[in-house]
Amino acid sequence: MFTNRIVFNTFKAVRSNVLFCAGESSPIFKRCGHCQATRGPSYSQLQTSDVEWFKRCLGESNVVTDVERLKSFNRDWMKKYQGHSQLLLRPKTTQHVSEVLAYCNERSLPIVPQGGNTGLVGGGVPVFDEIILSTQGMTRILSFEESSGALVAEAGCVLQALDDHVTGHGYIMPLDLGAKGSCCIGGNVSTNAGGLRLLRYGSLHGSVLGLEVVMADGTILDLLKTLRKDNTGYDLKQLFIGAEGTLGVITAVAIQCAPRPASVQSVFLACPSFEAVTKVLGTAKTMLAEILSAAEFLDQHCMRVVEEQLEGVSNPLTDSGTCTAASAAVAAAPGSEGTNKGPACTDSNTTTGCSTSSFASTFDPDNAASSSSSASLQLPPRFYMVIETHGSHEAHDVEKLDAFLEAVMSEGHVLDGCVATSKAQSDSMWHIREVIAEACGRAGSVYKYDVSLPVQVMYQLVEAVQQRLASQLPHRQDILTLGYGHVGDGNLHLNVSVPSGYSQEVQEVLEPFIYEWIQGHSGSISAEHGIGLMKAGALTYSKSLKAIQVMSSIKSMLDPKGIINPYKVVYKQQA
Amino acid sequence: MKILVAVKRVIDYAVPVRVKADKSGVEALLPKMSMNPFCEIALEEAVRLKEKKFVSEILAITLGPAGVQDVLRHALGLGADRALHVVSEQELQPLAVARLLAAVAKRESVGLALLGKQAIDDDSNQTGQMLAALLDWPQATFASKVEIDTSVPSKMRAVVTREVDGGLQTLSMELPAVITADLRLNTPRFVSLPNAIKAKKRQIEQLSPDSLGVEIVPQLRTVEVNAPPLRNAGTRVSNVAELVERLHNEARVL
């Protein structure tokens, strides 16, 4: 390696065939800090001749070797996972992808498929020096059937762009997430992304009509039908939906769009406790029923982090000033006004919050705080919810919504809230929910856990983590633990934000404690974010050994050399 | 002092629109209607003036067919004390609106009329100005700041900062007056749930143009509506020399 460098420096004009070979000290020969895997010994190293071949195949502008340019593609959105790829390829067509994969398979060069690089479990970035196969060059919308709402698009199309396109035809995409401005549909399908409207429009397993996938050996598997029903043999596309790019590279997606709702109503609610949140959700399911389209929650720590870290974002409820007396005001004569700001009912000894009878307009939140004995200085939780309805008839929807709101307010489960009166107001309510992840990221490095749990126990995990951090790391008062997520789907996003950066010490306190807690409550260690690199070693917490063995067999069958996205999801360290 | 706030129900400003095939107007891609954003700002200002005790009663008024009432529910939820609906199935152009508002302002002995500077559907920017002329009141349009001067109790004045092309202009005028709100005057609050629920149960007073003694005669006819010309896609240039050459010869900005 030392010799090679001298040779290179002295004879720059002479092309060395080992130009891309890494030296012994290169990080690619070290053990991965996250998963303890080492670079698979059967994989080849990139040679200049390989790069030349890719340039001839794809065109020089679609081959990136510049280290500076590669930096952002080598690192994930959360800046937690850092790869060391020396090469990014940007194919323009499925044929390109097929040729590239055939070549890589032949040469035993591992690749990592990458869309918008918005994944949250390190699944879209290299672990060592895997070649990054970017779909960002494949952004064509191939077709849209107005009568059925079936959209066919290349894998690199950004979700927001697709939604804008189908809006013009009176449709919406069946999924929506905070990353919609950057994430690509291929990645969405590969991760079986959930998002903010799964409650109403279902999972991608149901809304994807067809796929075009390139297999490890370059074979193009054309499953791109736009039929709603097609029971002809094994439904192969289901294998690739959620496989996180480990079984094949998705190059095109056929997806069922939904008619754009004529009436969209959004409400922002403040609840005194998580139990109240669950009650509101239950009432929403019965009273809003078929028009309910989203039910999200966030705790007070999320609200604070968002207001502190991001400009121009504020709690829509702080100005109204009619909070604690709200439920009384509904029944009271017009003209009575509450004087306290913010929902305030707290009981430091229980986590279920106060009963309806203790709403008093003279309650002083500051006195309640002093009785909290928690070493981490975190007050008993208060919660907010964003609820949205989609329907075809505004008057009908507004009538149901009014009845629902009156019910939850009179039962005391909602202390205060507001209804969006324009799309701008609706967007700003959603904005609060959608930027929590970013705000946490600005406050510190984030340990992110995406969990499925029975709704009744969901927030107990957040409290358990807070207590564990307080007892194991009492000197770390700066660590922020917060919970939010798709409460309507039983999906919690638990974030632990560490201002000083990722640290082994913190990680060891959190894991496997969190996974064990989840296993103990029969939950899932990954509701929608996937396994990626982050949880590749933790599958046993949610799946049986037998199930994992069957997954490994499928992987071996479809990718015998293990060149597509190795080290992720179901991974066995090669001997 | 009583304040009159006129609010208009328009296509929600965030909804994409396109020109109708027959070029007679625009159509919304989503059937979402809301209060005109500038009217919302005017109403928010009225509520703030009431919170500062300058105003005793806020009259929210809207004009049009039956369906426009929900904008008054919003106004009541935000803090209006009374809601008036001038019912008319006919097309209401700015002059007719100004005449109707003038009649109401006189009848209710209003001390200040607060309007949005323009509606986002027709962008006329005329009603406030015409209203002031009909009432012979001073006017301050494009207001970005409103202060009430009560130093002489019998002669209340409004001190208004306006956004004009050259910068900011401050006017002082005796009340009653007409003020139209611009974007930076304030940020409207959300309507809280308890207020929204109360607002649904409130009465809306209905008036007819005849009872106000106003005849509605359209003065303007829309000839044609066209979409703005499409922007050409950007092109890449290979070096600075080419950029300069194209800025000079094609874009003609150098």
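**Domains, sheet and chain interface of the predicted model**

Between domain 1 and domain 2 of chain A there are zero salt bridges, a salt bridge being a side-chain nitrogen of Lys or Arg within 4 Å of a carboxyl oxygen of Asp or Glu. The structure is a predicted model, in which local features need pLDDT of at least 70, side-chain atom pairs count only at pLDDT 80 or more, and totals for chains, interfaces and linings use all residues; side-chain values use heavy atoms, with hydrogens and water left out. Residues are numbered from 1 along each chain as its sequence is written, while chains are lettered from A and ligands numbered from 1 in the order in which they are written.

Chain A is divided into domain 1 (5-134), domain 2 (141-259) and domain 3 (263-434), with bounds that come from an automatic or database domain assignment. The centres of domain 1 and domain 2 of chain A, taken over C-alpha atoms, are separated by 27 Å. Contact (heavy atoms within 4.5 Å) links 15 residues of domain 1 of chain A with 16 residues of domain 2 of chain A. These two domains of chain A bury about 1100 Å² between them, of which carbon and sulfur atoms give 67%; buried area is the accessible area (1.4 Å probe) that two parts lose on being put together, summed over both. On the domain 1 side of chain A, T94(A), L101(A) and T118(A) lose the most area to domain 2 of chain A, together 39% of what that side buries.

An unreviewed UniProt entry annotates residues 81-260 of chain A as "domain: FAD-binding PCMH-type"; UniProt positions are given in the numbering used here, feature names are shortened, and annotations may be inferred rather than shown by experiment. The span of residues 81-260 of chain A is 23% helix and 24% strand, and its end C-alpha atoms lie 38 Å apart. Helices (H or I, at least four residues) and strands (E, at least two) are DSSP runs, numbered from the N terminus. In chain A, β5 (residues 141-145) and β6 (residues 150-154) pair in the antiparallel sense over four bridges, where pairing requires that DSSP finds at least two bridges between two strands. E145(A) stands opposite A150(A) in β6(A). The hairpin of β5(A) and β6(A) has four residues between the strands, and G149(A) there takes a positive phi near 80 degrees.

Chain A also holds an open sheet of seven strands with antiparallel pairing, in the order β15-β12-β14-β13-β17-β18-β16. Its edge strands, each pairing on one side only, are β15 (416-419) and β16 (445-452) of chain A. Neighbouring strands of this sheet are turned by 15 degrees against each other on average, direction ignored. Within chain A, β17 (residues 480-486) and β18 (residues 491-498) form an antiparallel pair over seven bridges, with Y484(A) opposite H493(A) in β18(A). Helix α17 (residues 458-472) of chain A lies across β13 (292-299), β14 (383-391), β16, β17 and β18 of chain A, and runs at about 20 degrees to β18(A). Axes are lines fitted to C-alpha atoms, for helices over the stretch in contact, and angles run from 0 to 180 degrees between N-to-C directions.

At the interface of the two chains, 22 residues of chain B are in contact with 30 residues of chain A. The area buried between chain B and chain A is about 2300 Å², with 64% from carbon and sulfur atoms. Two salt bridges are found across this interface of chain B and chain A; the side chains of E406(A) and K201(B) meet in a salt bridge (3.8 Å, N to O).
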